[in-house]
Amino acid sequence: MTLEQTLKQATVEIFNQQFNATISPEAVTINITNADHEGDYTIVVFPLVRVSKKSPEQTAELLGNALIEKTNVIAKFNVIKGFLNLTLTDSYWLQRLQNIAENASFGTFPANGQKVVLEYCGPNTNKPLHIGHLRNMLLGYSSSEILKAAGYDVTKVNIYNDRGIAICKSMVAYTRYANAATPQSTGIKGDHFMGDWYVKFNEIVTEEIKALPNAPTDKDEAQKLTPIFKEAQELLLKWEAGDPETVALWKKMNDWVYEGFHETFKLLGVDFQKDYYESETYKLGRDLVNEGLEKNVFFKRKDGAVAVDLTPEGLDEKVLLRADGTSIYITQDLATAKLRHEEFDMDKMIYVVANEQDYHFKVLKLALQKLGYKWADGIYHLSYALVESPTGRFKSREGKTADADDLIAEVLRIAEEKTKELGKIEGFTAEEASTLYRTIGLGALKYFVLRVNPYKKIIFNPEESIDFHGHTGPFIQYTNARIAAIMRKAGGAVTMSADVIAAYSLSEVERELIILMSEYENVVKAAAEKYDPSEIANYAYNLARTYNKFYHESPILSAPTENEKQVRVALSGETGVIIKKAMKLLGIDVPEKM
RNA sequence: GGCCCCGUAGUUUAAUGGAUAAAACGAAAGUUUCCGGAACUUUUGAUAGCAGUUCGAUUCUGCUCGGGGCUACCA
């Protein structure tokens, strides 16, 4: 039982005895005491006065005394208004620290038997990854790590939107102008190579529109009249018909893209246990929709399209199958969901997709629920806001500024520059140095993205780029490097003796640090429940900041007494351990020297 | 038009309905003896507006004003 549970339970029992009243443990709110007041934990008694029928102060006083009687961990308490501030004994905290240090799996929960399928990334294969994918991938990967720590069995999957008119556009431009160039022959990364031909296509469209006799003012309308667009449409038809030459070209170009993507995935450290391809699922779903017709939960409109009526749920009527019986996006998503359930028998299915598609996922979940699939209750859309430039939304037309690979390269370059400036890596081999630049640069980038709550939009200013001071990844990494240096000199982790645990008197910061570490497992749990890595990110920062404060206030290796040295080294070692654990949940490596 | 999300110091972010709203960046000043100065200590400054719910509201409700998104037999 955790301390909070113990205190809640004791409070419930005390109320039962003293007031003959039954309250639930959930009704007892316990917070960490505000920094401005003395105490470790605070029980807010306002909600309890209704039961005690005494003033908040009297109730708190009574409860405080009773808790001291009942438990053996409370040293003292004070009452301010309706707040009961409890101070635990130093030996409780030291013992707690020792227990944490001895428990290698502190912060990871035992398997809960629940399976999760988590879909993330979901790129189109006609252009390179951009900053939005970056946010998606970092969120997806980190969420998966957090869920695993919370005891879930997680399978990460990706879905490639590898077909359609956009891909055909690149193919047409390539066929017309490339002269059989390849990523290898040009030295261009495969996904960028594909993207370049997509850009080329659009350039030609613009030219051909100019040549049009009576071009419509609407750009989309005008595009449809251009020869190159018509070629792309023909190509799409040929692809759908399975024309061998077209399919071969399509496959060749997509393989280039995958090679490029995989390079980026590897650099970022994200991975997938299974890949899905739209080209294999785009026709699925028809049977499922017909099943809905039979069950009378979907209906056929007069025009022949099959739709679901979601007006009772506050949404609209939504078409699920075209009048000609072919699938649309939602149709295949329904089918893919069912397919995955058959494959994985998961309890939860999480989709990491931008908030533009909030509506889509509401429909998806409701439609599956109407079909009677119980597992649809476990569908969760991990929705995140778009990344915007200071001037508004990143458009692909704005080009380079939003490109994921460029952004990564830039941040690695800055990491190298700053590290060299500081000159702390003497004795590093060239390879060690470049690994370090990567660790720090990616640490900065990942932290920058993950520290923000997913539903909040991120304003990203490429000019100002990413910082390495203050509330950043490198700051946390640096703190660990500093701790690592101390631990090397101390000769490794220490175990505190029973005498020290019993008699040591903690300073304010030391106490603060232990309380923070003690909270780590609650933070992991909360982050998993909320699907929110920013909880972990902010926690890690807090821990690092508190440690630095401690570090500056308290001599560690040169502490005045052996007891102080023992406690402070133990404190340092475990802080390092938890920093590493937390950062791992964010997908961020932590160097021992930097 | 309808629906959804967001609005906190100059800027970027925090705060299960709890105490005097917390940090970082920026700006200004400082850290002789010290284990790593990517650090630490000061100073500076904010809940868009108006009501309501209650012991208590950044948080919940309603309205107003701003910003974004969705509302395709596109993906």
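# A guided tour of the predicted model

Select aspartate 40 and arginine 511 to begin, whose side chains meet in a salt bridge with an N to O distance of 2.6 Å, a salt bridge being a side-chain nitrogen of Lys or Arg within 4 Å of a carboxyl oxygen of Asp or Glu. This pair links distant parts of the chain, 471 residues apart, with aspartate 40 in the loop between strand E1 (29–32) and strand E2 (41–44) and arginine 511 in helix H20; helices (H or I, at least four residues) and strands (E, at least two) are DSSP runs, numbered from the N terminus. Aspartate 40 is buried, with a relative accessible area of 2%, and arginine 511 is buried too, at 14%, where buried means under 20% relative accessible area, exposed over 50% and partly exposed in between, with a 1.4 Å probe and protein chains only.

Before going on, note that this is a predicted model, in which local features need pLDDT of at least 70 and side-chain atom pairs count only at pLDDT 80 or more, while totals for chains, interfaces and linings use all residues. Residues are numbered from 1 along each chain as its sequence is written, chains are lettered from A and ligands numbered from 1 in the order in which they are written, and side-chain values use heavy atoms, with hydrogens and water left out.

The structure holds 32 salt bridges, and the next one to select joins the side chains of glutamate 119 and arginine 340, at 2.9 Å from N to O. Glutamate 119 lies in strand E5 (residues 115–119) and arginine 340 in helix H14 (residues 329–344), so the pair ties together parts that are 221 residues apart in sequence. Glutamate 119 counts as buried at 9% relative accessibility, and arginine 340 is buried with a relative accessible area of 1%.

Now select arginine 176 and glutamate 208, whose side chains meet in a salt bridge of 3.2 Å, N to O. Arginine 176 belongs to helix H6 (residues 165–177) and glutamate 208 to helix H8 (residues 190–211), and the two are 32 residues apart. Here arginine 176 is partly exposed, with a relative accessible area of 30%, whereas glutamate 208 is buried, at 15%.

Return to helix H20 (508–530), which, like helix H21 (533–553), supplies at least two residues of the lining of the second largest pocket. The pocket has a volume of about 670 Å³, and of the 22 residues that line it, the closest to its centre are Thr33, Ala35, Gly39, Glu508 and Glu512. A pocket is an open set of points on a 1 Å grid over the protein atoms alone, where a 1.4 Å probe fits, with protein on both sides within 12 Å along at least five of seven lines, and lining residues have an atom within 4 Å of a point. The largest share of the lining, six residues, comes from H20.

Select residues 299–300, 306–309 and 317–321 to see an open sheet of three strands in the order E8-E9-E10, with antiparallel pairing; two strands pair if DSSP finds at least two bridges between them. Strands E8 and E10 are the edge strands, each pairing on one side only, and the bridge partner of lysine 300 is valine 306 in E9.

Finally, colour domain 1 (3–88) and domain 2 (164–273) of chain A, bounds that come from an automatic or database domain assignment. Their centres, taken over C-alpha atoms, are separated by 67 Å.

Key
Points joined across faces, edges and corners; volume = space filled by probe spheres on them.
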